[in-house]
Amino acid sequence: MQNLIDQLGQLLGQQFVLTDDQEKSPYLTDWRKRFTGKALAVVLPKTTTEVAQIVQLCAAANVAIVPQGGNTSFCGGATPDDSGKQILLSLKRMNQIRELDVANQTITLEAGCILQSVQEKAAAQDFLFPLSLGAEGSCMIGGNLATNAGGTNVLRYGNTRDLCLGLEVVTAKGEIWDGMKGLRKDNTGYDLRDLFIGSEGTLGIITAAVMKLYPLPISQWTTLVATQDIASTIALLNLFQKRATSLLTGFEMMTQESLELNEKHFPQMANPLKGKPAYTVLIELSDHESEEHVRQLLEAILEEAFKANIVTDAVIASNLSQANSFWQMREHITLAQAEEGANLKNDITIPLSSLDRFIQETDHLMRTQYPGVRIINFGHLGDGNLHYNIAPPLGVDAKSFNVDHEKAIYALVNAQVERCKGSISAEHGIGQLKLGDLRDHKGVVAHDLMKALKAALDPQNILNPHKVVSI
Ligand code: FAD
Ligand code: MLT
Ligand code: ZN
């Protein structure tokens, strides 16, 4: 192995091959501190050619590679195993924006660009790059593509997959696939781009991408609305979909229990709605017409909702800073959960028509089988995506609760998801957390096809092995 380390040092320069435990450590534990691994070395290439050469050297030495972007994965996708024999390849030095093409409305980026910097670059030229998630200050575009990240604008603009037109990928053999075309139509056989998107580093290493841009909206109105139950929340969503159509850019749901946890850790995040509503919904409308036009539409829809008795209270943000504080409240739930201690994450999608039944039945089963358990349920309701996270009863040690009950709780939720024809991973991916659940969820045929693809593209099994599927 020393031979490989020496070769990598010659290729990249010694300072970009980390072997010291302290230097490696930030790359080896995930954001939630749920997974910790070991690595032979952490390597930090600057160019696509260097990535390709690293893969060639590792393939020759039969050493596996774990690609990593911002290390914000929720399912341990970017954490190596504990053998100490894998190489962690961080894309963070590959952070150049190669081009912003105004006429084609595209931006061409290296994989290590931080999402927020891409949004800012686009905005500076009057464009919107619509991907937006709580981790945007540290997650990277390569990681977003590798996980097909969702976030808060999916309702209007789609997942990361929908925003991507072209990719550059280093294959398991160390070849460079140049698929960097910014085309909106291209029916030339199998779609390799879509194969790599969402593959979580198991089929290739994404080094660059061509992403879509949109005109920057000129008016945006944000409101917080109180509802009594999930049925009226869905009725409210349907009303907004019908009346606001494509102006509806965000529809996020937070339960009272989620917001209480928020307030416990971040008292400044108090809910401005009166009387602790069962559900608080954050709704955003954006448009290219005047502020007045959108405001009037929002007020008219809310009036209709009050008349139909599907909302009990509403506050419209009076300025940008209040709108930001509504979003902060929503984004802080994840941070409050992290402060509270370990919890069990369920990132699921349920068809909207079954969501009410799912929540009622699953809440009931959960509370009966695990008395006192805290259900931190919130998420991108407009997409049917719940973050149905489970925290132990107050006063119970989270680590031992999870050791005792993690398997059974995941099995309970997964069974409910299957009954409702949902998905066990809406946007976070499979990684190592859900590896063991995938076969049952997808079915044997789909699972075998996935394994066949993995074996065909990475026969040596050196790209992020034992994540997503094991071969
Ligand atoms: P990493 O965590 O570094 O890696 C994720 C996976 O992609 C790993 O399997 C890794 O091996 C692989 N990978 C990374 N880079 C590459 C590459 N260049 N080529 C090939 N494979 C690669 N996710 C959502 O979808 N929606 C949300 O709303 C959301 N909110 C979040 C809020 C917070 C506070 C946090 C901490 C996370 C959130 N996430 C969310 C999860 C996470 O941010 C996303 O999955 C994100 O896309 C991961 O990007 P990353 O750069 O951190 O990737
Ligand atoms: C979010 O939407 O804030 C994250 O994806 C959710 C989570 O913490 O589970
Ligand atoms: Zn989310």
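Which residues are linked with R161 in a network of salt bridges? Select D191, R193 and D194 along with R161: these four are linked in that network. A salt bridge here means a side-chain nitrogen of Lys or Arg within 4 Å of a carboxyl oxygen of Asp or Glu, and the structure holds 18 of them.

Before moving on, some housekeeping. This is a predicted model, where local features need pLDDT of at least 70 and side-chain atom pairs count only at pLDDT 80 or more, while totals for chains, interfaces and linings use all residues. Residues are numbered from 1 along each chain as its sequence is written, and side-chain values use heavy atoms, with hydrogens and water left out.

Next, pick R98 and E110, whose side chains form a salt bridge at 3.6 Å, N to O. They sit 12 residues apart, R98 in strand 5 (residues 97-101) and E110 in strand 6 (residues 106-110); strands are DSSP runs of E, at least two residues, and helices are runs of H or I, at least four, both numbered from the N terminus. R98 is partly exposed at 37% relative accessible area, whereas E110 is buried at 9%. (Buried is under 20%, exposed over 50%, partly exposed in between, with a 1.4 Å probe and protein chains only.)

Now jump to D313 and K274, another salt bridge at 3.6 Å, N to O. D313 is buried at 11%, but K274 is exposed at 64%.

Last stop: R357 and E361, bridged at 3.4 Å, N to O. They are 4 residues apart in helix 13 (residues 352-369), so about one helical turn separates them.

Definitions and conventions: Chains lettered and ligands numbered in written order.
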